[in-house]
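Let's walk through this one together, a stretch at a time. Have a look at the whole thing before reading on.

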2 protein chains.
Amino acid sequence: MASGRKKSFDENTALNAAMAVFWQKGYVGATLMDLTTRMGINKPSMYSAFGNKEALFVKATQCYIDTKMTPHMELLFEEGVAFKQRLKNHMMSIVSMQCAPEHAKGCYLALCQSELVSGDIPEQAEQILKEADLMPSKLYTELFKNDAEAIALGLNKNAEANGLSIYTLLKGTASMARSGIDKSQLEYSIDSIIAGISIH
Amino acid sequence: MASGRKKSFDENTALNAAMAVFWQKGYVGATLMDLTTRMGINKPSMYSAFGNKEALFVKATQCYIDTKMTPHMELLFEEGVAFKQRLKNHMMSIVSMQCAPEHAKGCYLALCQSELVSGDIPEQAEQILKEADLMPSKLYTELFKNDAEAIALGLNKNAEANGLSIYTLLKGTASMARSGIDKSQLEYSIDSIIAGISIH
DNA sequence: CTCAAATCATACCAGTCGGTACAATTAACA
DNA sequence: TGTTAATTGTACCGACTGGTATGATTTGAG
């Protein structure tokens with residue numbers, strides 16, 4: 001069975017490039033020209049490797065979740081670290097990424113989720129974005145509800161509200177980071193608010 | 001001097017409709033079709049009345065600042081109201097707008113500012129968006145720095161950091177609101193964080 | 001009533017959008 | 001070394017983008 005010409009690009013490398021473009025321009029704003037140029041391939045290669053723009057976006061988004069988002073989440077459950085410190089490590093780690101110079105500022109997901117209201121986002125893209133938005137909410141709530149230390153501090157009483165406060169703050173830093181604010185100033189805000197975390 | 005046919009639409013009404021479209025879709029996402037349809041006019045009428053898409057956007061944005069943003073700012077300086085209460089009134093008023101059902105959820109400015117990173121926003125649109133982003137930062141900082149009550153509370157020591165914390169939180173509620181969260185839950189977050197406002 | 005000025009609707013412009021047909025190129029197997 | 005399967009580059013598709021030229025319509029002033 002003769003099997004043909006070799007692929008001249010690495011799919012994973014190309015996917016990371018696509019992720020960077022969506023991170024910068026969102027779903028609608030990213031054109032196939034933007035994508036294929038930065039991926040270093042041309043349209044037919046992209047379509048044969050990923051399907052279409054929507055499928056590429058879904059894969060790029062999943063790649064973001066797996067490689068960028070998940071590592072921050074694991075900091076929340078690190079053993080031998082105090083509850084508040086875990087929370088702080090988690091948030092600082094996220095803020096650091098939001099301000100990193102290697103890619104677009106802010107949060108890939110927050111940016112693309114803001115496009116959902118337009119009604120111009122295709123179905124599967126919408127689905128993964130909505131799921132990704134619910135995930136941290138649930139995770140924070142469960143953390144506040146089940147963590148032994150959090151229970152001892154009485155933070156489990158308002159687990160959901162406390163979780164939403166954390167999430168709200170991080171969405172705020174994402175937005176501020178996208179506007180180009182310094183990392184140090186966001187860290188200072190996080191520090192302040194964590195310090196006063198009665199939370200209630 | 002004969003002077004012709006009457007305009008069949010009200011410019012201000014049309015401008016408000018355009019504002020609603022940009023609020024929903026951002027600058028790039030809002031097409032002339034979207035705009036003219038919701039404005040109830042056709043393209044030549046739009047171009048003769050407003051210039052082009054960019055000029056329409058600048059006017060719509062200025063309209064947003066004047067009619068939507070400014071009123072919230074005045075709550076910060078209301079006489080006979082305690083400092084923390086003014087801050088709370090201000091934030092609650094903004095959150096209420098971010099969740100209002102009459103128009104798109106979230107913040108018009110935060111949405112369009114997030115498009116700046118793409119590099120696809122024309123010059124004058126970019127300028128007004130950047131100015132509008134700096135304004136609240138300055139205003140909060142000055143409030144913390146100069147308000148008699150804030151000085152008495154020692155909040156003037158970290159005026160800039162405190163101001164940025166407020167702004168960060170409100171950008172967060174804007175993002176959460178856009179995702180469709182309930183107003184009551186955001187109010188709860190604001191309440192909690194204002195309560196613990198040592199701020200430091 | 002006439003005529004000039006302003007707005008209206010239609011139809012069009014070049015450029016770009018996401019997506020593809022097709023043929024030239026490349027490589028592994030027989 | 002052919003043969004065949006896969007990838008590549010080019011050139012194209014209809015639909016839609018922001019923006020306009022044009023002529024019909026409507027108005028007020030003389």
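How far apart do the end C-alpha atoms of residues 31-50 of chain A lie, and how much of the span is helix? The ends sit 15 Å apart, and the span is 80% helix and 0% strand (DSSP runs, with helices being H or I of at least four residues and strands E of at least two, numbered from the N terminus). The UniProt record, an unreviewed entry, puts a "DNA-binding region" at residues 31-50 of chain A; such annotations may be inferred rather than shown by experiment.

A word on ground rules: this is a predicted model, where local features need pLDDT of at least 70 and side-chain atom pairs count only at pLDDT 80 or more, while totals for chains, interfaces and linings use all residues. Residues are numbered from 1 along each chain as its sequence is written, chains are lettered from A in the order in which they are written, and side-chain values use heavy atoms, leaving out hydrogens and water.

Now find helix H4 (residues 53-74) and helix H7 (residues 123-146), both of chain A: their axes come within 9 Å and cross at roughly 15 degrees. H4(A) and H7(A) are therefore roughly parallel (angles under 35 degrees). Residues in contact (heavy atoms within 4.5 Å) include Phe57(A) and Ile65(A) of H4(A) and Leu129(A) and Leu139(A) of H7(A).

As for the two chains, chain B can be laid on chain A by a turn of 180 degrees and a shift of 0.0 Å along the axis, with an RMSD of 0.0 Å (least squares on C-alpha atoms of residues with pLDDT of at least 70 in both). That's the relation of a two-fold axis. In chain B, Gly172(B) has the C-alpha nearest the axis, 1.7 Å from it.

How values were computed
Axes fitted to C-alpha atoms, helices over the stretch in contact; angles between N-to-C directions. Parallel < 35°, antiparallel > 145°, perpendicular 65-115°, else oblique.
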